Amino acid sequence: MNGDALSDLLLAAVALTLAWRLASRRPGIAIAMAVIGVAAACGVLRYLGVEEALGPHRFFSLVAACAGLPLLAASVCWPETPLARRAAAGARFVVLVGGIGVVIVVILNVALWSDAAAAISALSLMTFALQRRKLIAIAASLALIAGFAVSVSGVALGPFNALQGFHILLILSLSLMGWEEQVKGQ
């Protein structure tokens, strides 16, 4: 197994485990993490050389950027809204906003839309964390922003290439968010 597939496997395992653990208490966050996990699971197949996985990986990665991360940010920043508290509302959000994102990026050829949606989500999470002075949330937001910076810049993190570095920092960010949610629930 190559490093890209391994980092996506770890991301899928973390995101899907957190989605499962948070599903009953925080459905908006769980759905967002599930979308990210599905994209990562498709990435494992893609990086293992399964050509048929390229399309699904691109699609779910696009949906994760355009809808999964915004849903995650909305659910963390506004936990009392129906979007954060009801699975049906979160699922509708992913389908609607993800569909709009696919249309904008693929059909209208505005490739930066997904990057902008993900960046705005990360900055929203950071703003929320700073306003509330939540150290775990600040660390999670910093890891997410650093992951995007590594991905965009193409800079390797030690022995990890930029893609692996992005996956590792996303794993760290999601793990910290999941930990914060677990701590709040106790």
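First, the ground rules. Because the model is predicted, local features need pLDDT of at least 70 and side-chain atom pairs count only at pLDDT 80 or more, while totals for chains, interfaces and linings use all residues. Residues are numbered from 1 along each chain as its sequence is written, and side-chain values use heavy atoms, with hydrogens and water left out.

I start with the salt bridges. Side chains of opposite charge can pair when their charged atoms come close. Here a salt bridge means a side-chain nitrogen of Lys or Arg within 4 Å of a carboxyl oxygen of Asp or Glu. The structure holds three of them.

One joins Arg 26 to Glu 181, with the closest N and O atoms 2.5 Å apart. This pair links distant parts of the chain: Arg 26 sits in the loop between helix 1 and helix 2, Glu 181 sits in helix 8 (residues 162-185), and 155 residues separate them. Helices here are DSSP runs of H or I with at least four residues, strands are runs of E with at least two, and both are numbered from the N terminus. Are these two partners buried or exposed? For these words, buried means under 20% relative accessible area, exposed means over 50%, and partly exposed is in between, with a 1.4 Å probe and protein chains only. Arg 26 is buried because its relative accessible area is 10%, and Glu 181 is buried as well, at 4%.

Another bridge is between Glu 180 and Lys 134, at 3.6 Å from N to O. It also links distant parts of the chain, with Glu 180 in helix 8 and Lys 134 in the loop between helix 6 (112-132) and helix 7 (135-153), 46 residues apart. Glu 180 has 14% relative accessibility, so it counts as buried. Lys 134 has a relative accessible area of 23%, so it is partly exposed.

The remaining bridge pairs Glu 80 with Arg 85, and there the closest N and O atoms are 2.9 Å apart. Both Glu 80 and Arg 85 are exposed.

Next, the surface. Which residues form the nonpolar patch? They are Met 1, Leu 6, Leu 9, Leu 10, Leu 45, Leu 48 and Val 50, with about 620 Å² of accessible area together. Patches are made of residues with over 30% relative accessible area and no salt bridge; like charges are joined within 9 Å, and nonpolar side chains (Val, Leu, Ile, Met, Phe, Trp, Tyr) within 5 Å. The areas come from the Shrake-Rupley method with a 1.4 Å probe, and for residues only the protein chains shown count as cover. Helix 1 (residues 3-22) gives the most to this patch, with three residues. Met 1 is in the segment before helix 1, and its relative accessible area of 62% is why it counts as exposed.

Now two residues and their contacts, where contact means heavy atoms within 4.5 Å. Tyr 47 lies in helix 2 (residues 27-47). Leaving out residues up to four places away in sequence, Tyr 47 touches Asn 2, Asp 4, Ala 5, Asp 8, His 57 and Leu 163.

Ala 87 is in helix 5 (residues 87-107) and is partly exposed, at 42% relative accessibility. From Ala 87 to Asp 115 is 28 residues in sequence and 25 Å in space, C-alpha to C-alpha.

On to the rings. A search of the whole structure finds two aromatic pairs. Phe 59 and Phe 60 have ring centres 5.1 Å apart and planes at 80°, so they are edge-to-face. Rings of Phe, Tyr and Trp (its six-membered ring) pair if their centres lie within 6.5 Å; planes under 30 degrees apart are stacked, over 60 edge-to-face, and the rest tilted. Phe 59 is partly exposed at 39%, and Phe 60 is partly exposed at 29%.

Last, the backbone. Most residues other than glycine have a negative phi. Asn 109 has a positive phi, near 60°; it is found in the loop between helix 5 and helix 6 and is exposed at 62%. Arg 133 has a positive phi of about 55°, lies in the loop between helix 6 and helix 7, and is exposed at 71%.
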